[in-house]
Amino acid sequence: AVAVDSAFAMAWRKLGVETVGDRARRVEALENAYRHRDRLTERERLLTEAQYYYDIEEDPRKTIPVYERMVDLDPADAWALNNLGAAYTELGEWAEAEHWFARSVAVDSTIKSITNVVQAQIEQGKLDEAEATLAIGERIAPGNERGLLTGYALAANRQDWSAAESWAQRMRESSDPAWAGVGTFQLANLAAIRGQLDEAERLWRQAVLEEREAGAPFASGPLMQVFDINLDVRGDTARAIATLEEIRETEDLERLEPLNRPYVWLATWYGRAGDRAAVEELHARFEAEVPEVYRATRGIQESYDWTEATLLLSEGRPDEALTLYRTVDNRGCAPCGTLERAKAFDALGRPDSAAVYLEQYLDATHVGRAAWDNENLGPTYERLAQLYDEAGEIENASVYYARLVELWEEADADLQPRVQAAQARLEEIVR
């Protein structure tokens, strides 16, 4: 349509909304929609302005009054109601997000709006309510991929790994290569959670192939999970950095549009590996190649701060790292920052505080829980057991030694010495 009419604002807006994984194309489409918004009806103009503020300026608070104006014009405007929920989701204000998503469902019960309600409920820890809402979605659109992914998220938050595997397998059977790749990715998460790291890596590499088949401009995202398990489970920094180098060589970032080059994203991972030189190189390239208007956003600044804090921690400056971690607004993400704070307190010789944050991580609910647990659940059980053991709290220690032994019962051979050590200490405590 925009090839016929280059000023067709609503077509540009729809292109921007529907474009996934291609930041450059998304920006181009939404900027064109915004530029030609004077051709639109009031409702369409408001919708276009709100999307621009949300995606280009990355300012969800600026979008809220625009959508509220749309609701004033038509209280049954399902798009405005759903997008109000999305704005509050971005802010991490989950109860408010659930309210607007539920109003959208009352007007137009689509699987998208229903799963949005489920996700807001999961984030609030309302898992039983989320299950009931998801059942409605399954009746309306049985087998829909959005519903499958949300069911997977709910099962992962309950640590029902068998149910989560069933949801992921159904996703993997999708006729859409993109969704099949999501299913493969989630199966890999489950393998990694249970300590089957080699199988997890095989599946993540398969997910890369499926993302390429689906036409993703940058398909190596699943390999970041390989980095995670190498760094945080195996404790092999060199192997983790080699994974990042593989991504850079495979993807050839120069062929991508500057806005699609994941410089800041990669810098965050190099920061976790303690490679300051690589972080500085990637940040310099980002600043040289990406226009300032797309760099001066809250998200970019917070990413810079987070990466610097992680580097400080790796350089043996945990007090400075902790101060910087506290400045980052995690926007309602319950697990975000808990493990980093735990590591900082651990390095400062404050085991009680470290244990508090590790417990907070375990108690958190989040729709992406499995992607956190793939590298963190086993090591968190292990470290909590050790901290409680060292403090003489052997009853608490025995709980976490037992959880580790159960979780990693069928883990790879290179993790079995850790499982055996936990089993031996557990038996000693019992005796």
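**Helix pairs and aromatic rings**

Helices α14 and α15 are roughly antiparallel to each other. Their axes cross at roughly 160°, and angles over 145 degrees count as roughly antiparallel. This is a predicted model.

**Helices α14 and α15**
- Helix α14 covers residues 237-251, and helix α15 covers residues 263-272.
- The two axes come within 10 Å.
- The crossing of α14 and α15 is left-handed.
- On the α14 side, the contact uses I241, L244, E245, I247 and R248. On the α15 side, it uses L266, W269 and Y270.
- Sorted by class, the residues of this α14 and α15 contact are 6 nonpolar, no polar and 2 charged.

**Helices α12 and α13**
- Helix α12 spans residues 197-213, while helix α13 spans residues 223-233.
- Their axes lie 8 Å apart, and the packing angle is about 160°.
- That angle makes α12 roughly antiparallel to α13.
- The crossing of α12 and α13 is left-handed.
- From α12, the contact residues are L197, E201, W204, R205 and V208. They meet L223, Q225, V226, I229 and V233 of α13.
- This contact of α12 with α13 holds 7 nonpolar residues, 1 polar residue and 2 charged residues.

**Helices α19 and α20**
- Helix α19 runs over residues 338-347, and helix α20 runs over residues 351-363.
- The pair packs at an angle of about 165°, with axes 8 Å apart.
- α19 is therefore roughly antiparallel to α20.
- α19 and α20 pass each other in a left-handed crossing.
- α19 brings T338, L339, R341, A342, F345 and D346 to the contact. α20 brings S353, A354, Y357, L358, Q360 and Y361.
- The residues where α19 meets α20 comprise 7 nonpolar, 3 polar and 2 charged.

**Aromatic rings**
- The whole structure contains 11 aromatic pairs.
- Y34, Y52 and Y53 make up one aromatic cluster.

Notes. Residues numbered from 1 in each chain as written. Predicted model: local features only at pLDDT ≥ 70, side-chain atom pairs only at ≥ 80, totals over all residues. Heavy atoms only, no water. Axes fitted to C-alpha atoms, helices over the stretch in contact; angles between N-to-C directions. Helix = DSSP H or I, 4+ residues; strand = E, 2+ residues; numbered from the N terminus. Parallel < 35°, antiparallel > 145°, perpendicular 65-115°, else oblique. Left-handed = near helix turned anticlockwise from the far one by under 90°. Contact = heavy atoms within 4.5 Å. Nonpolar A, V, L, I, M, F, W, Y, C, P; charged D, E, K, R; others polar. Phe/Tyr/Trp six-rings, centres within 6.5 Å; stacked < 30°, edge-to-face > 60°.
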